[in-house]
Amino acid sequence: MLYYLFQYLEQEYQFPGASLFQFLSFRAGFAVILSLLIAMVYGKRIILFLQKKQIGETIRDLGLEGQKQKAGTPTMGGLIIIMSTLIPVLLVCDLKNIYVILLVVTMVWMGIIGFIDDYIKIFKKNKEGLKGRFKVIGQVTLGLLVGAVLYFHPEVTIKEKDSTRITEEFKVEKVYGKELQTQRTNIPFFKNNELDYADFIGWMGDSAKEYAWLIFIPVVILIVTAVSNGANLTDGIDGLAAGSSAIIVLTLGIFAWVSGNIQFSNYLDIFYIPRVGELVVFIAAFVGGLIGFLWYNTFPAQVFMGDTGSLTIGGVIAVIAIIVRKELLIPLLCGIFFAESLSVMLQVGYFKHTKKKYGEGKRIFLMAPLHHHYQKKSYHESKIVTRFWIIGILLAIMSIVTLKIR
């Protein structure tokens, strides 16, 4: 693999000023370029293959402008994202890194669930696709696996800050921080920006803290399920899910970068997470795949990602956020996904409530998810997508700013 070639160069050629992170940057740059090329070059071939096999989207008539013209557009385009991400990752990532392993498993796992769903819709002519309970079982199983690995695996640690001390001989000695196997996480906007999941059961005694996994793992399951479904709901108009996801993933790449660098993490007063820097390479490949797919998915879309792509994107975003200990930022950073999901829950809940109370269901929005509401108000798809992207960028900036505002 190319990873070992880069590792050899890193060990053999110690150029002046060269550092681990400069070689990491080189591998990340290589990964993003390679993933872009794969998505751009082979993406077109995949689209032609899908067209040849008549793997097209079945459009339900929702009375939306331009909707009928999309019937027959190739779907399962999420395969482009998955392929263009995994090939660079397998070539230039350290495949022994536990975080990379988790993300590869997440991408394959959610990709399979989404593929089965799309397959049932297209080839079995069942518009409902994979039954909801089976999707949830798959998401919960993945969340259980991810939560258990992140809690129990010995390489999932944070490192205490280095410090100095004065000895009895009045000499200054450096004290190196220890690696701790703990599930502390960062809380945005608070001065003491640490939360330990063990504190939720700490009132039962110190011995009870050993069972903090009873809190942590269900939280991971909830996050994985919520974000993957949020991404799925966002995938409703051309370019919205892919573009919004690229913004989110790029922001998480910045978090991974600073969390994996002891100097930056110390300056920003966030956790230094050993071995998490390798995620930067994975994220670079993922961003390249998303942007390459977006080339064919912008209005008018030549391909849709389908559940193969949307469920995968959401699952990977959730796991990255948990790994870099920024899961509490998800409602802000993934605000587009959150708003889309919330609009559906409010719409369904209010409709059921009013129907039970008045005998006739009423709606808050003209249509849910939220992007369809604006389509019903006669906004053009491109305008809706562009404005959602702008909001996504603002939310990403606010998320990054939380590194210093407390």
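Guide: What follows concerns aromatic rings in this predicted model.

Visitor: How many aromatic pairs does the count come to?

Guide: The count comes to ten aromatic pairs.

Visitor: Why is the pair of Tyr374 and Tyr379 called edge-to-face?

Guide: The ring centres of Tyr374 and Tyr379 are 5.8 Å apart with the planes at 85°; since rings pair if their centres lie within 6.5 Å and planes over 60 degrees apart count as edge-to-face, the pair is edge-to-face.

Visitor: What makes Tyr374 and Phe388 an aromatic pair?

Guide: Tyr374 and Phe388 are 6.3 Å apart, centre to centre, against a limit of 6.5 Å for the centres, and with 80° between the planes this pair is edge-to-face.

Visitor: Which parts does the pair of Tyr374 and Phe388 tie together?

Guide: Tyr374 lies in helix 14 (residues 370-376) and Phe388 in helix 15 (residues 381-401), so the pair ties together parts that are 14 residues apart in sequence.

Visitor: How do you know whether Phe388 is buried or exposed?

Guide: Phe388 has a relative accessible area of 9%, and because buried means under 20%, Phe388 is buried. Tyr374, at 29% relative accessibility, counts as partly exposed, and Tyr379, at 34%, counts as partly exposed as well.

Visitor: What makes the charged end of Lys326 sit over the ring of Phe255?

Guide: The charged end of Lys326 is 5.6 Å from the ring centre of Phe255, where the distance has to be within 6 Å and the direction within 35 degrees of the ring normal, and so the charge sits over the ring. Lys362 likewise lies over the face of Tyr358, at 5.0 Å from the ring centre.

Note on methods
Residues are numbered from 1 along each chain as its sequence is written. This is a predicted model: local features need pLDDT of at least 70, side-chain atom pairs count only at pLDDT 80 or more; totals for chains, interfaces and linings use all residues. Side-chain values use heavy atoms; hydrogens and water are left out. Rings of Phe, Tyr and Trp (its six-membered ring) pair if their centres lie within 6.5 Å; planes under 30 degrees apart count as stacked, over 60 as edge-to-face and the rest as tilted. Buried means under 20% relative accessible area, exposed over 50%, partly exposed in between (1.4 Å probe, protein chains only). Helices (H or I, at least four residues) and strands (E, at least two) are DSSP runs, numbered from the N terminus.
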